[in-house]
Amino acid sequence: MKSLTFLFIVSFASVAYATLFPDRFARPAKRAACSTPVQLSGSENPFATRTLFANNHYGDYVRTAAQNMTDKSLAEAALRIAKVGTFLWLDTIYSVGTLQGYIDGIGCNEIFGIVIHNLPGKSCGATTSPGELTPGQISVYKQSYIDPIVKIIKANPNVAFAAIIEPDSLVNLVTNNNLPNCINNAAGYREGVQYALSSLNLPNVVTYLDAGHGGVLGWDANIVPGATELARAYKNAGSPANFRGISTNVAGWNAWIKVPGEFENTSDGIYDKCQDEQRYVTIFGAALASAGMPNHAIIDTSRNAVQGLRLAWGDWCNINGAGFGMRPTSNTGESLADAFVWVKPGGESDGTSDTSAVRFDPICGLADAYKPSPELGVWNQGYFEMLLKNANPKF
């Protein structure tokens, strides 16, 4: 989940295409910003009257990817991807310094999505994303990462923000509580998440705490412990007024509605009633309400168009055959679901398939993982084109 860094070698044919139609590859024109400060509230759906902003961090990479395509119809479809609203991952201290440049140009009817993802020792249940901060560096996380984000947001009071707080953090403390890395990071995770929630309790921000997906906290044995863990973070952060609920399926593959679910008829399927994200949002949402926490949700649909691809529910890395899913919208048909959103930038690798790499995770070498794949966060042109070809709805 690192920031996108890659180098394209552009063919003569694709350069010629871009030269003939330069406007198609240009950044979109800036929209009119709000003239007065934005006032958001955790009691209202921020996506009901605002569309997710298509930031130029992802847009620039997609437009370059389109230039690298020799299939002109596919290139035209790719350019439409660049116009889809997508969350911006702030996953390093350096990335925070780029935020202001991407905020410029947002319209008053749009909301800027950011992902807070830089806890010390983050992603304790995997080897692909150890992060830049080591366990114990919680003061660095607060002072050099969260505080600068807060400063930038305060400097842009006329911009609406939606913030997803630390994917795969508190979730790991429930599902991987036997792993030494997660045990050692537990105190830092809780302190960091609470600090992020309380610090981002700003008038123009709505926050969502990550809750994994139906195949993680949706298991019967995990629902109450998961709701208790998340609700404790919310309460210990002072029950912030701008807190809205949870994010689900971030960088995931689960369907919104699928009956039976992808793994519902497996031998252990009876122990998980949350076989799609709609059931997860409603069932886990009820547990959150009982635990005393706001329970509305946003669901990542960026790569969930194709089902039946995974060999097991726990397979999370570069699933082969995947496609771009439902575009961001607040028309979800479910009262607890605020919006379908694109959180994972499609085309960015989940992890390397190189078994000799230091950060190789065995999940990325499984039969259902796309190969070859580069390191986490590095652009994979072939994977992007596959997502585009398999998109549902089509572009």
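How are H8 and H9 oriented to each other: oblique or roughly parallel? The first close-up takes that up, and every view here comes from a predicted model.

**View 1. Helix H8 crosses helix H9.** The axes of H8 and H9 (residues 220-236) come within 8 Å and cross at roughly 50 degrees. Angles under 35 degrees would count as roughly parallel and 65 to 115 as roughly perpendicular, and H8 and H9 are therefore oblique to each other. As for handedness, H8 passes H9 in a right-handed crossing. On the H8 side, the residues that meet H9 are Arg-190, Val-193, Gln-194 and Leu-197. Their partners in H9 are Glu-229, Arg-232, Ala-233, Tyr-234 and Asn-236.

View 2. Cys-124 and Cys-182 are bonded here, with their sulfur atoms 2.0 Å apart. The torsion about that S-S bond is about 100 degrees, so this disulfide is right-handed. Cys-182 sits in helix H8 (residues 180-199) and Cys-124 in the loop between S3 and H6, so the pair ties together parts that are 58 residues apart in sequence. Both ends are tucked away: Cys-124 is buried, and Cys-182 is too.

**View 3. The Cys-34 to Cys-108 disulfide joins two loops.** The S to S distance between Cys-34 and Cys-108 is 2.0 Å. With 100 degrees about the S-S bond, this link is right-handed. Cys-34 belongs to the loop between helix H1 (12-20) and strand S1 (51-52). Cys-108 is in the loop between helix H5 (99-103) and strand S3 (110-116), and the two cysteines are 74 residues apart. Now look at the two ends: Cys-34 counts as buried because its relative accessibility is 13%, while Cys-108, at 38%, counts as partly exposed.

**View 4. The Cys-317 to Cys-364 disulfide, also between loops.** Here the S to S distance is 2.1 Å, and the link of Cys-317 and Cys-364 is right-handed, with 95 degrees about the S-S bond. Cys-317 lies in the loop between strand S7 (296-300) and strand S8 (337-341). Cys-364 is found in the loop between S8 and helix H11 (381-389), which puts the pair 47 residues apart. Both of these cysteines are buried. Stepping back, the structure holds three disulfides. Number the bonded cysteines in sequence order and the pairing reads 1-2, 3-4, 5-6.

**View 5. Phe-112 in the largest nonpolar core.** This core has 65 residues, and Phe-112 and Phe-284 are the ones with the most contacts inside it. Helix H6 (residues 138-154) supplies the largest share of the core, eight residues. In soluble globular proteins, nonpolar side chains tend to be buried together. Skip the neighbours within four places in sequence, and the contacts of Phe-112 include Phe-53, Leu-88, Leu-99, Tyr-102, Ile-103 and Ile-106. Also in contact with Phe-112 are Asn-55, Val-159, Ala-160, Phe-161 and Ala-162.

View 6. Apart from the 65-residue core lies another core, of 26 residues. Among its members are Val-62, Ala-65, Leu-74 and Ala-77.

Conventions
Residues numbered from 1 in each chain as written. Predicted model: local features only at pLDDT ≥ 70, side-chain atom pairs only at ≥ 80, totals over all residues. Heavy atoms only, no water. Core = buried A, V, L, I, M, F, W, Y, C linked by side-chain atoms within 4.5 Å. Buried < 20%, exposed > 50% of the residue type's maximum accessible area, 1.4 Å probe, protein only. Helix = DSSP H or I, 4+ residues; strand = E, 2+ residues; numbered from the N terminus. Contact = heavy atoms within 4.5 Å. Disulfide = S-S within 2.5 Å. Axes fitted to C-alpha atoms, helices over the stretch in contact; angles between N-to-C directions. Parallel < 35°, antiparallel > 145°, perpendicular 65-115°, else oblique. Left-handed = near helix turned anticlockwise from the far one by under 90°.
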